[in-house]
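Dear colleague,

Please find below the sequence and structure that I am handing over to you. My notes on what was found follow directly after.

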Amino acid sequence: MDQAVMTGGFADPPIQSPQAFRAAMTAMARPGDILAVTGAQAPAPVSVAASVLLLVLCDPGTPVWLATSHDSADLRRWIAFHTGASVVAARGEAVFALGTWDSLLSLADYRIGTPDYPDRSATLIVEMPLLRAEGAVLQGPGIKESAQLSVPEVAPLRVNRALFPLGLDFFFTCGSDLAAVPRSTVVTDPAEVV
Amino acid sequence: MTEYTFAYLDEQTKRMIRRAILKALAVPGYQVPFASREMPMPYGWGTGGVQVSAACLVPEDRLKVIDQGADDTTNAVSIRRFFEKTAGVATTTRTAEATLIQTRHRIPEAPLTRDQILVYQVPIPEPLRFLEPRETETRKMHSLEEYGLVHVKLYEDIARHGQIATSYAYPVKVEGRYVMDPSPIPKFDNPKLESAAIQLFGAGREQRIYALPPYCQVVSLDFEDHPFEASKADHICDLCGSATSYLDEVIVDDAGGRMFVCSDTDYCETRRAAGHRGRLAATEEEHFA
């Protein structure tokens, strides 16, 4: 196993993981808020923020699916070494999925939970070229009136919202920044907002 | 501080709890099952809240712990000491200074801000449990949004007492979907559930975590002709003179003497420090002089 696989983890996990989780939790509680995290770097092309989320959330109990944009032998070994999570071949088995938006589609293939257990659904970590508080309008729990976030596409997120309380939850990552759009958020195209 | 890993729980356990918290925030009011751990305190002493707090705490946090509004009762003192010892975090009794507040059965009087997290200790998370004891059935009722039984319970209150007699753990509907038990807070506190802070609920024995994101719509169940009313004892605080805070009734002698005091000790102390005086405040000061 080469050195690159073994580096890029937290230097002090009991301290860094709660700090990273607080950012992830705040993002999920306040959709649209963009927060910065540090401390982890998985092999390219994984962003710092996505690397941090993998370390904070994944372990042997959470199968991960890697989209073609991110799947590599190095990343599989990094995930195995740092988290112990298994990388699965089918999206439908994944608890977490990582990739760019286009390579993660279609959303219909992931687990959305069951009416009895809506929590048994996948969380998608979407790598973005840009992440800004502009574009699509977000409304719903965690948002005072409305927020804006440069989500890649509105229509699939609206379909996802229509499944509530089932559905997928999203982290959007870019560099060291992350934001979240849970299934409870109503996403509207800015052109439609009067 | 080297005797314990930060905030007591191991990393694997924290990850499991953190995943549950994220799903709880994504589906407000839904109770997410989690693998509750044995904690060095008995069930019923806030093990759920303690595990949620442990999964959320960062070294920079300033922790406040209250039990029925008070910072100085056994449960609050022991949990505060637990985190002082295992996480080394700063603690406070001032609501405004705290970043994370763990609470048993009260919401502080002072409005919470967006930078604060409120963690509730929950004994029975299932609002339908006393109406339907089977978990398989209550789970089905939640999935089908079958909440008629809760309204029957409230109606029976009216039929027997002429009013909705449920005074604590008053059921709420979250974002028009899940009926949720707000833990046994007095119904006086229900309006405060719509808050700028993140609210997390942990039930250790029952192994459930649920959450309310900020500004989440939380409606106390009621009827058009019997609207919800956030009631309190019809008195003013005998120490600080507040007419708007939630009051505890304290028996002070064997002759039926009683006084009413704020249940939120920090609120009461802050008011007294600002010069507010209630009916019995002077005598208390003389007593301790």
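**Arg129 and its surroundings in chain B**

The side chains of Arg129(B) and Thr138(B) are joined by a polar contact of 3.4 Å. A polar contact is here a pair of N or O atoms within 3.5 Å; within protein, one must be able to donate a hydrogen and the other to accept it, and residues adjacent in sequence count only if both atoms are side-chain atoms. Please note that this is a predicted model, in which local features need pLDDT of at least 70 and side-chain atom pairs count only at pLDDT 80 or more, whereas totals for chains, interfaces and linings use all residues. Side-chain values use heavy atoms, without hydrogens and water, residues are numbered from 1 along each chain as its sequence is written, and chains are lettered from A and ligands numbered from 1 in the order in which they are written.

Arg129(B) lies in the loop between β5 (117–121) and α4 (135–143) of chain B; helices (H or I, at least four residues) and strands (E, at least two) are DSSP runs, numbered from the N terminus. With a relative accessible area of 17%, Arg129(B) is buried (buried means under 20% relative accessible area, exposed over 50%, partly exposed in between, with a 1.4 Å probe and protein chains only). Residues up to four places away in sequence aside, Arg129(B) touches Ile124(B), Arg134(B), Glu135(B) and Thr138(B), where contact means heavy atoms within 4.5 Å.

**Helix packing in chain B**

Helix α2 (residues 47–56) and helix α3 (residues 74–86) of chain B have axes that come within 12 Å and cross at roughly 30°. Axes are lines fitted to C-alpha atoms, for helices over the stretch in contact, and angles run from 0 to 180 degrees between N-to-C directions. α2(B) and α3(B) are therefore roughly parallel to each other (angles under 35 degrees count as roughly parallel, over 145 as roughly antiparallel, 65 to 115 as roughly perpendicular and the rest as oblique). From α2(B), Val50(B), Ser53(B) and Ala54(B) meet Ile79(B), Phe82(B) and Phe83(B) of α3(B). The residues of this contact divide into five nonpolar, one polar and no charged; Ala, Val, Leu, Ile, Met, Phe, Trp, Tyr, Cys and Pro count as nonpolar, Asp, Glu, Lys and Arg as charged, and the others, Gly among them, as polar.

Phe82(B), in helix α3 of chain B, counts as buried at 11% relative accessibility. Beyond its neighbours within four places in sequence, Phe82(B) is in contact with Tyr8(B), Met39(B), Pro40(B), Met41(B) and Val50(B).

**Helix packing in chain A**

Nine of the ten residues of helix α3 (residues 48–57) of chain A are buried, among them Val52(A), Leu53(A) and Val56(A). Helix α2 (residues 13–29) of chain A packs with α3(A) at an angle of about 110°, the axes being 10 Å apart. The two helices, α2(A) and α3(A), are therefore roughly perpendicular to each other. Ser17(A), Ala20(A), Phe21(A) and Ala24(A) in α2(A) meet Val52(A), Leu53(A) and Val56(A) in α3(A). This contact has six nonpolar, one polar and no charged residues.

**Backbone points to check**

The peptide bond from Ala44(A) to Pro45(A) is cis, with omega near 5°. The peptide bond from Phe164(A) to Pro165(A) is also cis, with omega near 5°. His105(B), which is not a glycine, has a positive phi of about 70° and is buried at 11% relative accessibility.

Kind regards
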